[in-house]
Amino acid sequence: MKLLIVDDEKQQRDAIASIVKAWGHDVAVAINGVEALEVMGEFAPSVIITDLNMPVMDGFQFIHRLRESGNFPPTIVLTAFGSLDKALSAVHELGVFWFLEKPISVGELELLLERAGAQSRLLQENHLLRRELVRLGVFCELVGVSKPMQEVFDTISQVAPTDAPVLLTGESGTGKELAARAIHSLSARKQGPFIPVNCAAMPEALVESELFGHEKGAFTGAVDRRIGCLEMAEGGTLFLDELAEMPVQIQAKLLRVLQDFRYRRIGGKQEMKADIRVIAATNRPPREAIEAGTLREDLFYRLTVFHIVLPPLRERPEDIDPLVKSMIETFNEKYGTHVTSLSAATRQLFSTLRWEGNVRELRNIMERAVIIAGSGEIRDEHLPLNYRSGQPGATATLTNNSHGEAGVAVGMTLDDAERWLIEATLKHAANNKTRAAGILGISTKTLHIKLKQYRLSDGSESD
């Protein structure tokens with residue numbers, strides 16, 4: 001195992017180095033954080049042992065730099081008598097492996113190194129597994145083997161370990177929130193909260209309160225103190241979706257948070273520190289939004305330390321097959337179905353569609369198709385009517401099952417048509433009401449109400 005020992009006290013540094021060398025470990029030493037970072041450029045330690053009190057760059061600053069760089073092997077901090085609080089702070093706030101009190105117990109040192117080494121090996125195995133999954137087109141919840149998506153994965157891997165703000169752009173349905181979650185899950189903040197905020201869904205009058213929170217009595221209707229999303233995201237990541245829909249005056253206040261990482265609740269006098277990482281997204285081209293006056297240019301520049309563009313599905317058709325495979329596995333598990341794949345004809349059809357709704361559209365189609373097919377291949381008849389020829393439009397018949405059709409005659413009442421559709425769907429689903437409700441796009445509770453309304457027999461069922 002490769003160990004880096006960082007301590008400005010030569011006697012202690014040499015003593016630890018002598019002990020661990022005798023155990024067969026490869027050792028490098030440094031007298032402070034600055035020298036340690038230089039050593040790491042060539043040495044690549046599996047475990048670090050560092051003092052906290054050092055000149056030039058102390059242990060806390062050194063550990064912060066490790067976290068920001070993303071190269072953060074298991075680290076043991078040394079603490080002198082009376083400095084236990086500092087060591088525990090490093091463990092809980094900075095995420096170091098553990099601490100070791102001076103004078104050092106050889107037995108404790110050996111035990112800690114064994115455990116830290118085991119964690120280092122596990123981290124390395126996870127890293128290699130993640131690299132292999134990326135090669136196969138799987139990156140967190142994102143899927144893609146195409147060159148554009150592999151470039152997205154590479155950029156996420158680079159930016160995730162840092163606290164740099166990120167702007168994600170791309171059409172609706174390309175996976176911007178999944179990319180934001182991937183950045184969060186690969187960061188040092190992964191144990192903290194991930195708070196998504198849809199700026200387009202918040203009433204304009206409430207946006208400021210939702211973000212910053214408010215004190216009791218701050219305005220009419222503020223009957224209690226409210227914690228805002230900034231405060232909820234403390235120690236984690238705040239994801240601002242559809243940023244260009246946020247009122248411009250609130251964007252100015254957000255800019256100050258990104259510059260100073262301080263804010264006040266509405267009506268509050270106390271300034272609060274924001275320990276958060278901000279990721280924003282918009283489906284509008286940023287330059288277009290800036291020219292339209294819906295996105296502040298200074299906020300755009302502050303957020304684009306890293307700018308990641310999620311490509312539309314039509315520009316990466318080679319990703320359809322791995323996406324479909326992943327979705328079939330997901331929905332089989334969710335619904336207890338046994339679908340295997342797309343038929344050759346359906347696979348060819350999918351390759352010709354433009355997928356204006358991108359991956360979200362594909363996912364919706366696949367979820368419906370898996371439910372209806374139940375097992376085996378997904379074929380043309382399992383798709384919505386306007387997808388079966390690849391052109392908008394529908395026919396005048398409704399498919400009952402794969403072997404026959406039943407028409408809906410002019411003159412039938414809506415109740416009669418609905419009753420027939422429920423009966424046909426239950427028959428197709430082998431009287432499984434959970435699956436039938438999924439096909440019909442209603443809840444199981446609503447289906448039971450309809451059965452009672454139309455006095456249809458419950459019969460024997462499988463829910």
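**Notes on a predicted model**

1. Four elements, β7 (142-143), α7 (176-185), α13 (320-335) and α15 (358-373), each contribute at least two residues to the lining of the second largest pocket. Helices (H or I, at least four residues) and strands (E, at least two) are DSSP runs, numbered from the N terminus. The volume of this second largest pocket is about 670 Å³. Its lining has 25 residues, and those closest to the centre are Glu141, Gly175, Leu178, Val359 and Arg363. A pocket here is found on a 1 Å grid over the protein atoms alone: it is an open set of points where a 1.4 Å probe fits, with protein on both sides within 12 Å along at least five of seven lines, and lining residues have an atom within 4 Å of a point. Grid points are joined across faces, edges and corners, and the volume is the space filled by probe spheres set on the points.

2. The model is predicted, so local features need pLDDT of at least 70 and side-chain atom pairs count only at pLDDT 80 or more, while totals for chains, interfaces and linings use all residues. Residues are numbered from 1 along each chain as its sequence is written, and side-chain values use heavy atoms, with hydrogens and water left out.

3. By class, the lining of the second largest pocket has nine nonpolar, seven polar and nine charged residues. Ala, Val, Leu, Ile, Met, Phe, Trp, Tyr, Cys and Pro count as nonpolar, Asp, Glu, Lys and Arg as charged, and the others, Gly among them, as polar.

4. Thr174 sits in the loop between β8 (166-169) and α7. Thr174 is buried at a relative accessible area of 2%; buried means under 20%, exposed over 50%, and partly exposed in between (1.4 Å probe, protein chains only). The side chain of Thr174 comes to 2.7 Å from the backbone oxygen of Glu171. Apart from residues up to four places away in sequence, Thr174 touches Leu310, Pro311, Pro312, Arg316 and Asn358, where contact means heavy atoms within 4.5 Å. Asn358 is 184 residues from Thr174 in sequence, yet their C-alpha atoms are 5.6 Å apart.

5. Strand β3 (residues 47-51) holds Ile49, and Asp51 is also placed in β3. Ile49 is buried because its relative accessibility is 0%. With neighbours within four places in sequence set aside, Ile49 is in contact with Leu4, Ile5, Val6, Ile16, Ile76, Leu78, Leu109 and Leu113. Val77 lies 28 residues from Ile49 in sequence and 5.8 Å from it in space, C-alpha to C-alpha.

6. Asp51 counts as buried because its relative accessible area is 3%. Its side chain makes a polar contact of 3.3 Å with that of Lys102. A polar contact is a pair of N or O atoms within 3.5 Å; within protein, one must be able to donate a hydrogen and the other to accept it, and residues adjacent in sequence count only if both atoms are side-chain atoms. Beyond four places in sequence, the residues touched by Asp51 include Val6, Gly59 and Leu78.

7. Backbone exceptions come next. Most residues other than glycine have a negative phi, and most peptide bonds are trans. The bond from Lys102 to Pro103 is cis, with omega near -5°, and Pro103 is in the loop between β5 (98-101) and α5 (106-135). Glu242, not a glycine, has a positive phi of about 55°; Glu242 is in the loop between β10 (237-241) and α10 (248-260). Asn431, also not a glycine, has a positive phi of about 65° and lies in the loop between α16 (414-428) and α17 (433-440).

8. Helices α2 (residues 33-43) and α3 (residues 59-69) pack at an angle of about 35°, with axes 9 Å apart. Gly33, Ala36, Leu37 and Met40 of α2 meet Phe62, Arg65 and Leu66 of α3. This contact has five nonpolar, one polar and one charged residues. Axes are lines fitted to C-alpha atoms, for helices over the stretch in contact, and angles run from 0 to 180 degrees between N-to-C directions.

9. Glu215 is in the loop between α8 (207-212) and α9 (229-232). Glu215 is buried, since its relative accessible area is 17%. A polar contact of 3.0 Å links the side chains of Glu215 and Arg225. Leaving out residues up to four places away in sequence, Glu215 touches Ala222, Asp224, Arg225, Arg265, Ile266, Gly267 and Gly268.
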